[in-house]
Structures are given as structure tokens and as C-alpha cells.
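Here is a friendly briefing to read alongside the structure. Keep the viewer open, and follow the topics in turn.

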Amino acid sequence: MAQKLHEVSNSSEFGENAIKPLTADGLDRGDAAEHLIRTLPSQLKTGHMVARLDIAWSKTPYPDPTGLLLESPEQKQWMVEHCRWVIIDLRRSRNLFRPPGRYADPIYEPLPAIPDQIRALQDSRIGPSQLRRAWALHRELNEKTALLLQTFQDSARLDMAAVNEVVRNLADALDDCLAGLVWLTRIKEAQHYTAQHVVNTAILSMGLTFGMRWRRERIETAGQVGMLHDIGKARLDHALLDKAGPLSDSEIEEVRRHVIVGFDLLKSHPDVPMEVASAVRSSHERPDGSGYPHGLNGNAIPVMARLIAVVDAYDAITSVRPHGAARSHQRALGELWRARGSQFEPALVEAFIQFLGWVPPGTLVRLVNDELGVVMNMRSGSKQRPVVRSVRRVEGQLVLGPQQELAAQFEDDDEGRIGIRDILPDGAENISMRALTGALMRLYEAGEPSAPDAAEDPDGADEPLVSPGSRWRFSGLRKLFGRRPDAGPTPPVQPQEPVESVEPSAALRRRILVIDDSSTVRETLSRILEQSGHEVETADSGEQGLERACAQVPELIFLDILLPGINGFATLRQLRKDPAMADVPVVMISGNPQATDQFFLGQIGADDFLPKPFAPEDVGDCLARLAAAGRLSTAESNA
């Protein structure tokens, strides 16, 4: 029997062998096994009791299945060379050193303390600078997530540096921009569900841990798990994930495989903390033991897995998915509440409900006077009253009214204030949250409330297209985008000057197609290229770009990664399938500098990369690189 309990599973180094047998292997769990820590062999210290290895004890020089008290550097070195992980039993150890969180994966972990009141979101406000900063971070997170999933799908490679960077940036912004970030999680578009779900889960998980006042390391871990919890789905059949009808038993098992697929990638990556990999694997375990892949229960489920399970379910319930319509915030909280204790950790459900509150920022509501409104924030006091702006359509464009304080929840007559009749799902009444964000930015730009900074175009780039210190000045950009969050006081607007042309050596007349959903990006890039003598055609979507490329084959294409409908990756694949465009050079555009990875560009069939923000000289350098590589002609075009 002992031999069977210690057999090795080849499917996953932390998988079948690592977890399932631990529920019945006779290890001395004592006080709920808080003393059992899975870690890397490199973290072992003399005096540690090694209770378990990832290989059978019979394959070691130490064939005692009850464990090994580490007494020499030679014993540790043997384990470093032959084992990928070990479990130490601190209760039976002489050395009580506990490996740091990055290297520790507790077998059993109680919840950290949760405060009685979680008011971080209620105390946060959305203003011009907060919304601009939140939008920049949101777009960066979307782009890096899209790249992350695409890279993993194509090559099973993981850019953990990009994940860590955006998580750090988000953690830095929570104190100032929490309400704005939560507002942006209401942007939900069916064609981008997978990437947007990852983004929303990361933001809400970090917001919740921030609201519970957990330490900074925990907040960043929540963001990492949020970004990576569904990464295994990138390797599954997309037709299965997008299936509208019910799944068969075999299809359900295939979908469930995503946690192991993702875990197998993460566990082997040197920069992924063990806590993150473990949480991804266990994100669908349930407190009552009915979850998968290993049927863990209670505190045997990692804390971050329990937290992500709550947030993951909430965002899924409130999103349009292939097999279901979006449900309202109120309905989603009700479903979480009913499943507490069985599917979800009760304390975390209660904390999440308290964190989001009755109506979080960005919630669409119908008022008792039959007007539509969007919640800006909750005004705290003896009663919590939502602050709402009315939402109307004027000549096809969404327009927001002034802020008004409503009646408190369950108050029939609250000093004559009107109240909320219904809480609506995201996207109800055909209201796009992206367009609604644009309306709010236009309102701020117009001066309500008074704002020293202009706001950005949410349908376009997330930051000025001009690099800091560039000699190029274009006053229209300042009006559209304002200043960076870290910039100093806004200087006087300079008179508009013509765009300086790129270097003469690059100024050959070429037919160029620019595909980007931002009118600002299209206009700016067209100006730069036309000043240099090029003929430019533009498209605002992948579908329109394909149509125009087929009608007249361009000599060069600039292609944004994030597009409505089919994204830049799918557009590029369609272009490469057409023999006439198989050799047309394509430059990808993105605000994510990690996309400059040449391996990645080659994998997706792109030739170069233009990062935002960019200046005319950046465009000129890009054209020069393509010409030097033989991808562009060096003779004048007759076009």
C-alpha cells in the first residue's frame, strides 16, 4: 500500500501524485496540516524533515517512507539533482525555517484575516485623472492578455515579465483608481470574452484583496492568478469553448482539462511562484469536495484558488457567453450567496459582496421615473446612497446627465430622492460600456466637473502617440489625450505645426493600409506617412481591412492588435492565407512593448512592431528596417 501511495504520475509534477494521494497517505497532519509545505529542493535547510518527494522513496538512497531528517549538504544536493519538489513537515523538523511565499505551497492554508468593513470601493471616486489612468492601465492589460493567450496558443511560451509588470502597475494604481478600474470591468463584448474575462478577474481579484487590506505580495499574487487562471484554455479547441448548446460528458471533461494544461506550463516556468501555479490548478475545487481536478475541500484548497473561484464566477455570470445571456450584478451576487459553503468559500463570498456593494461603479440601472442611469459611486454616511448620471441618446450618441444622489436602498421615501427600480445587466438597452466610457470622457473634457486634464478617447489609443521629448507637436493630440498621469503641470498648448516628415531616405511613395479602430491613430499615422509622400488608405476593423486589402493589394500594412470583431491576430492569419498578400509586410501596432519579441512576431507572421506612443522618427525607423531587410522596395513606386 505504501508503494502505491508514492507512485509517480508523469502527467504533472504537482498533479495526481502530488495532491490526490495526500488526502489518504497517512502523513501526520496534526493541527490541520499547516506545518506541511511543498517547496523546491533548493529551499531545504539542514534540520528539515522531508516528508514527501515527487518520486517514490524506493527510487532514492533513503527508502524510509516515513520521511528523512536532512542532516548533510550531500542529502540536499541529491534532492536538488533528482527531485522537482519536496514536502517538508515543520512539526517534525529541527529547523523551523519556512520557505518564502514565492517558493512555498502550503498543503493546508486558513484564510488570512478579513476586516469587518470593506470600504475601499465605496471610498473611491472617478474623476478625469483617475479615469484616464485607469483607461491606460485597462488597455495595457487587455493588450498584454491578448498577447499572452496568443503566444501560449501558438508556442506554449509565457511572458511572465509582462504579467508581473502590468500587475505591479495595477497594484500601484488601486489606491487612486479603484473605482475607475471597476467601472471598466463592465466593458464586456462577446467576441472578446476570453481575454476580457481574464482582465476583469485580475482587476476584481486585486481590488478585493486590496479592500481586505491584505499585504502587497498577496495583492500582486491575486493579479497573477487572475491573469493566468484560464491560460490553459488557449490550448483547447476553440470550437468547443464557443459551443452554444450543452456540452456532452466527454466535452465537459475536455474543458475541465484546462486547469491541468495551464498548470503544466506554469509549474515549469522559473519565474512563476509556486503559489500561483497551485492556485491555477485548484481554481475549480469546491469547499464541499465536489470540484476538480482532485476533489480537494476546505482549507486544503489554496487561498488564492478560493478567492479566484468567487471572482471568476461573478464575472462569468455577468458576461454574455456562448451558452448564456449576461445577468445583472444583483442576480450574480444572489447566485454566489446561494452557493456559499458548497461551491464557494463563505467568508470570501461575504467579503466580495461587501466590497462591490449594492451597485458598484459602472452598473446600469433603471430609475423609478423610468430613466436609464449609470452608477458613479456610493455616497457613504448613515445611509449608502448611489450617485448616478442619467443616460440618454442624442442623435445616436450617448449623453450623460449631471450627477444626482439617489435614495438609499430599501428606502421608500428618502427625503424626496428618486430611487432605483431595476439593476440591469451590462450591455442592457443596447448600451455599450465602451461608448458610455467615451461619453464620460467627453463630459470631463467639456469641463464637468472642472478638469485641468483633458481625457483620452476610449475608442482609440490609451496614451499620447507622441513620445516624451519628441520634437513633434500636434495640439489636437493634447486636446484628445491630455497629459500622462506622471506628467507635471500641463504646459500652454503650442500652436499647431505641420508634422515633420521622416528622413528623405525612407520617403519612397508606397501604397500603405492602416488598420486600427482608433480614429486618432489612423489620422496620426496617415499624417506622418502622407507627409513623406506615401498613399494611405485606412480601415477601422479587421473585416474592413481585409475587404480593402483584397480590393487593392497594399505594399505595406500597419495592423493594430486589439480590434473590434476579429482581432489583429485573426486578421493577419486571413491576410497570409491569400496568395496575393502572403508576402506583404505587416507591422503590428500595440501599447505592449513585450510584443517586440522577434520569436513572437515570427510565430504570428508579422514583420515588425510599432509600439505606442510613437513619433514620426519611429515610423521612419520602422520603414528603414523593413527596407534594409528586403521587405520593402527601395525604388520609387509608380502608384
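Strand 8 (residues 385-394) and strand 9 are antiparallel partners, joined over 7 bridges; two strands count as paired if DSSP finds at least two bridges between them. This is a predicted model, in which local features need pLDDT of at least 70 and side-chain atom pairs count only at pLDDT 80 or more, while totals for chains, interfaces and linings use all residues. Residues are numbered from 1 along each chain as its sequence is written, and side-chain values use heavy atoms, with hydrogens and water left out.

**The open sheet**

- Arg393 has Leu398 of strand 9 as its bridge partner.
- The open sheet has 5 strands in the order 9-8-7-6-10, with antiparallel pairing.
- Strand 9 (397-405) and strand 10 (420-423) are the edges, each with a single partner strand, so one side of each has no neighbour in the sheet.
- From one strand to the next, the twist averages 40 degrees (axes are lines fitted to C-alpha atoms, for helices over the stretch in contact, and angles run from 0 to 180 degrees between N-to-C directions).

**Around strand 11**

- Of the 5 residues of strand 11 (residues 511-515), 4 are buried, so this strand is largely enclosed by the rest of the structure; buried means under 20% relative accessible area, with a 1.4 Å probe and protein chains only.
- Strand 11 pairs in the parallel sense with strand 12 (residues 535-539) over 5 bridges, and Ile515 has Ala539 of strand 12 as its bridge partner.
- Strand 13 (residues 556-560) also runs parallel to strand 11, joined by 4 bridges, and there Ile515 stands opposite Leu559.
- A right-handed β-α-β unit is made by strand 11, helix 16 (residues 519-531) and strand 12; right-handed means that, with the strands pointing away from the viewer, the path from the first strand over the helix to the second runs clockwise.

**A helix pair**

- Helix 5 (residues 193-211) packs against helix 13 (residues 346-356) at about 95 degrees, with axes 10 Å apart.
- The two helices are therefore roughly perpendicular (65 to 115 degrees).
- Leu204, Gly207 and Leu208 of helix 5 meet Ala351, Phe352, Phe355 and Leu356 of helix 13, where contact means heavy atoms within 4.5 Å.

**The whole chain**

- The chain has 20 helices and 15 strands, which are DSSP runs (helices H or I, at least four residues; strands E, at least two) numbered from the N terminus.
- Buried residues make up 55% of the 639 residues.
- Among contacts between residues at least 6 apart in sequence, 70% join residues at least 24 apart.

Methods: Buried < 20%, exposed > 50% of the residue type's maximum accessible area, 1.4 Å probe, protein only. Parallel < 35°, antiparallel > 145°, perpendicular 65-115°, else oblique.
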